[in-house]
Amino acid sequence: MSVGFAIELYLDPALENQVLKAWNVLARRQITTHLIEMESRPHITLFSTPFLEPSKLKSLLRTFASKHDPLSLSFSSVGTFPNHADNLLFLAPTPSLSLLEFQSHLCDAIRKEGLEISDDFAFNSWIPYCSVAHHVPKNRMPEAFSLLRELKLPVSGYATDIALVQFSPVRELFSFVLGNNVDS
């Protein structure tokens, strides 16, 4: 099981519930419960690293959150990454300049703190997605994909919070509401 840290973008309650419905459909069909078991929360990962001193990022994320309003999101497609070892399925947001710039500006701020940004999160490489299934047995991937295609997409809402989490299992270290300077 991997260990590390991630900066995650959390969804508004209505959009989060739409993602949780997908998790629950897959769990009821006994395809995968991995995200539920690791106590994850529906999110888009903005940055991840195996090593980090969380206190270095608390003030950075508080300031960053206070300067950015909630982001409009619309999950419009279901996808997977070819040859991904975890047999991952996800909902992909419709690309928007505001989401791409948000992540890029965050990585610029992180870089200024002396942290390295891996290629997966570099400008022009980052692919935003919201996981709905991890560790799907290979022979159940078509069934899982078919179930997810039955979702009434697009589902729209807002990204409302930014958080630093440690994994695995997932443990939120702190989070901040976008457009607000108050701890969640």
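Predicted model: local features only at pLDDT ≥ 70, side-chain atom pairs only at ≥ 80, totals over all residues.
The largest cavity has a volume of about 40 Å³, and its lining is made up of W23, L26, T32, T33, H34, L35, I36, V132, A133 and H134. The elements that contribute two or more residues to this lining are α1 (13-28), α2 (34-37) and β5 (130-133), and of these α2 gives the most, with 3 residues.

In terms of residue class, the lining of the largest cavity comprises 6 nonpolar and 4 polar residues, with no charged residue among them.

## The largest pocket

The largest pocket has a volume of about 880 Å³. Of the 34 residues that line this pocket, those closest to its centre are T45, S48, Y129, H134 and F167. By class, the lining of the largest pocket holds 16 nonpolar, 14 polar and 4 charged residues, whereas the lining of the largest cavity has no charged residues.

## Packing of helices α3 and α4

Helix α3 (residues 55-66) and helix α4 (residues 97-112) have axes that come within 11 Å and cross at roughly 145°, and the crossing of this pair is right-handed. On the α3 side the contact is made by L57, L60, L61 and F64, while on the α4 side it is made by F102, H105, L106, A109 and I110.

How do the residues of the contact of α3 with α4 divide into nonpolar, polar and charged? There are 8 nonpolar residues and 1 polar residue in this contact, and no charged residue takes part.

## Salt bridges

Side chains of opposite charge can pair when their charged atoms come close. The structure holds 4 salt bridges, and one of them joins the side chains of E16 and R41, with a distance of 2.8 Å from N to O. Because E16 lies in helix α1 and R41 in the loop between α2 and β2, this pair ties together parts that are 25 residues apart in sequence.

## Backbone details

Two cis peptide bonds follow one another in the backbone around S168. The bond from F167 to S168 is cis, with omega near 5°, and the bond that joins S168 and P169 is also cis, with omega of about 5°. S168 is found in the loop between β6 and β7 (171-177), and P169 lies in that loop as well.

N124 is located in the loop between α4 and β5.

Terms used: Residues numbered from 1 in each chain as written. Heavy atoms only, no water. 1 Å grid on protein atoms, 1.4 Å probe; cavity = no way out; pocket = protein on both sides within 12 Å on 5 of 7 lines; lining within 4 Å. Points joined across faces, edges and corners; volume = space filled by probe spheres on them. Helix = DSSP H or I, 4+ residues; strand = E, 2+ residues; numbered from the N terminus. Nonpolar A, V, L, I, M, F, W, Y, C, P; charged D, E, K, R; others polar. Axes fitted to C-alpha atoms, helices over the stretch in contact; angles between N-to-C directions. Left-handed = near helix turned anticlockwise from the far one by under 90°. Contact = heavy atoms within 4.5 Å.
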